[in-house]
Amino acid sequence: MSAVPLETQFAMTISAFQKARAAYRPKLPGCLEQLGQVGVSYSGLGSELKQEGQVAAKLAQLFPHTYHLTDKGVINFTAAGGQVGSQNGPLHVGVVLSGGPAPGGHNVIWGVVDAVMNGASGSRVTGFYGGPAGVLAGRTVNLDPRAIESYRNAGGFDLLGTSRSKIDTPEKLATCKRVLDDLKLDALVIIGGDDSNTNAAVLAEYLASVGSQVAVIGVPKTIDGDLQNAFVETTFGFDSAVRVYAELVSNISKDTLSGRKYYHFVRLMGRAASHITMEVALQTQPTLALVAEEVAAKRQTLGALVEEIANVIKARAEQGKNYGVILVPEGIIEFIPEMRALIEELNGIIAAHKEYIDSLSGFTEQSEYMNRKLSRDASYTFSSLPIDIQRQLLMDRDPHGNVALSRVETEKLLIELLSSHLREEKSEGRYKGTFGYQHHFLGYEGRCAAPTNFDANYAYSLGRTAAALAASKANGYMAVVRNLGLSEGSWQPSGVPLVAMMTVEERGKGPRPVIKKTLVNLDGPAFKYFAKQRTEWQRGDEFRYSGPIQYFGPSELTDRVPLSLALETGAGEDVNW
């Protein structure tokens with residue numbers, strides 16, 4: 001075997017790993033193998049997604065042309081029986097990526113392309129560059145098997161790019177219709193999270209209201225895992241991102257045991273929910289893992305939370321252990337009652353006095369002004385925070401002008417408050433240890449990893465399911481795949497009405513339909529298992545080395561599913577822990 005010259009190796013844009021990974025053929029339910037031979041049956045939504053009372057009435061009012069889908073129910077694709085759910089002629093499907101990247105996005109597109117291009121002659125797939133903004137601008141590219149060849153089983157959203165723009169105003173909706181009509185699309189597949197799928201439901205309603213024949217189909221994507229319900233067991237991308245974080249936390253845990261001198265505080269992505277933190281905890285068994293939903297349920301103050309962590313640190317110091325790993329969910333600050341009240345007041349003041357606040361010169365003037373405007377309790381909370389956190393709360397704003405909570409370094413806030421608390425404890429003889437610390441934030445590192453086998457299979461099946469919905473002219477549906485805790489042959493591809501997943505929230509401009517974010521269920525099997533184990537983790541050094549994602553090798557390494565999914569679906573006993 002002759003060696004490849006060094007300069008040639010570096011000239012290659014595709015690595016050996018990418019080539020080998022692209023060769024992996026995703027597994028999928030047998031009924032999705034051939035689009036023209038998919039059987040269709042219908043089933044009810046069940047009590048889990050049935051809206052009632054004022055919510056149902058308001059949604060029926062907001063979605064007069066698509067709310068009837070909740071009565072029609074769930075579309076289930078089968079290998080045989082029922083009616084054939086595919087049109088006989090050519091199918092033209094558009095696809096767009098929306099929101100932050102998640103591992104598996106390219107496999108969804110691959111699944112759509114394979115299903116459509118294997119159908120009737122003349123079928124084609126059109127991709128939109130740059131997310132929803134690319135739809136409005138009509139920036140398109142023809143997608144065929146050759147175009148996606150180097151993106152198979154690859155991370156990132158770089159094939160088409162993405163954005164967080166929305167198609168949500170009358171002008172944008174009309175522009176979108178014109179673009180879709182000009183392209184003569186049969187369907188538009190929107191790959192995104194809860195906001196993007198809410199937008200998909202709005203677009204589906206609009207197109208139905210103006211007599212368009214274009215079907216809008218959503219695909220559930222987010223690494224945060226907060227788009228879940230009775231039919232969406234998890235989102236693609238979650239498993240891959242968590243496995244990246246788990247490997248890094250495992251490495252930090254090994255360093256912790258090697259040096260035995262630091263507490264490592266690791267902030268993990270997940271502003272609205274703690275799914276990532278809990279899954280990483282299940283995989284790595286840290287000293288302590290905070291769950292924001294539990295903090296909210298206990299109505300735990302910031303001081304009480306600091307004291308709880310301090311008690312763990314003090315108990316370990318009694319054993320001579322002045323080290324550990326503590327996981328912190330990114331959004332925990334919003335779940336602490338007095339912090340939530342403070343943030344709401346800050347946002348209200350900023351909204352009402354934005355122009356004047358922006359005219360103030362720097363942090364000192366802004367903080368003085370804010371303290372005069374805040375209520376007594378909120379002013380006390382704000383003044384008690386470290387200066388750096390005060391600065392982040394005031395100076396960092398999101399595009400809407402609100403406090404940019406994702407930039408608040410909560411792990412540093414906890415470290416500073418713990419340092420002060422433990423110094424006081426030590427001066428009064430209640431703590432005899434030392435408190436050294438390191439802080440980390442793991443976020444973007446996980447968003448564009450090459451998908452695990454689970455995510456590669458799941459995303460590809462979602463793409464094929466979306467194509468089957470497109471062929472069925474199923475406007476206003478989300479592609480879902482159920483029974484994910486079982487082998488791929490037992491997975492159930494389906495379509496669920498988007499409007500059935502929605503609720504109504506009162507916003508500044510009146511009632512707004514949204515797909516509500518799903519928080520960690522404190523009564524669910526996954527959290528109960530976590531809660532049962534964590535006392536041992538706090539006392540001992542129970543760190544579990546999860547290892548890197550395994551793409552090649554024995555099935556017990558390559559084909560694992562998320563532990564929380566296994567527990568929630570009753571497959572936990574069959575998982576190789």
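User: How do α13 and α15 lie relative to each other: roughly parallel or roughly perpendicular?

Analyst: Start from the crossing angle. Angles of 65 to 115 degrees count as roughly perpendicular. In this predicted model, the axes of α13 (residues 337-359) and α15 (residues 376-384) cross at roughly 105°. The two helices are therefore roughly perpendicular to each other. Their axes come within 9 Å.

User: Which residues make that contact?

Analyst: From α13 come Glu338, Met339, Leu342 and Glu345. From α15 come Ala378, Thr381 and Phe382. By class, four of the contact residues are nonpolar, one is polar and two are charged.

User: Now the sheet. In what order do the four strands run?

Analyst: First, the general idea. Strands of a sheet pair through backbone hydrogen bonds, either parallel or antiparallel. Here the four strands form an open sheet in the order β10-β11-β9-β12, and the pairing is parallel.

User: Which strands stand at the edges?

Analyst: Look for strands with a single partner. Those are β10 (288-289) and β12 (437-442), so each has one side left without a neighbour in the sheet.

User: How many bridges join β9 and β11?

Analyst: Six bridges, in the parallel sense, pair β9 (residues 263-268) with β11 (residues 324-329).

User: Which strands does helix α17 lie across?

Analyst: Helix α17 (residues 410-427) lies across β9, β11 and β12. Against β12 it runs at about 160°. For reading that value, angles over 145 degrees count as roughly antiparallel.

User: Which elements line the largest cavity?

Analyst: Those giving two or more residues are α6 (132-137), β7 (187-192) and α8 (194-209). The largest share, four residues, comes from α8. Among the lining residues are Val96, Pro132, Ile190, Asn199 and Leu203. The lining divides into eight nonpolar, three polar and no charged residues.

User: What lines the second largest cavity?

Analyst: Phe63, Thr66, Leu69, Ala201, Ala204, Gly476, Leu498 and Val499 form its lining. Six of these are nonpolar, two are polar and none is charged.

User: Pockets next. What is the volume of the second largest pocket?

Analyst: A pocket is an open set of points, in contrast to a cavity. The second largest pocket contains about 410 Å³ of space. Its lining has 20 residues. Nearest its centre lie Gln228, Glu233, His275, Asn521 and Glu568.

User: Which elements give two or more residues to that lining?

Analyst: Helices α10 (275-284) and α21 (563-568) do.

User: And how many of the lining residues are charged?

Analyst: Three are charged, alongside nine nonpolar and eight polar.

Key
Residues numbered from 1 in each chain as written. Predicted model: local features only at pLDDT ≥ 70, side-chain atom pairs only at ≥ 80, totals over all residues. Heavy atoms only, no water. 1 Å grid on protein atoms, 1.4 Å probe; cavity = no way out; pocket = protein on both sides within 12 Å on 5 of 7 lines; lining within 4 Å. Nonpolar A, V, L, I, M, F, W, Y, C, P; charged D, E, K, R; others polar. Pairing = 2+ DSSP bridges. Contact = heavy atoms within 4.5 Å. Axes fitted to C-alpha atoms, helices over the stretch in contact; angles between N-to-C directions. Points joined across faces, edges and corners; volume = space filled by probe spheres on them. Parallel < 35°, antiparallel > 145°, perpendicular 65-115°, else oblique.
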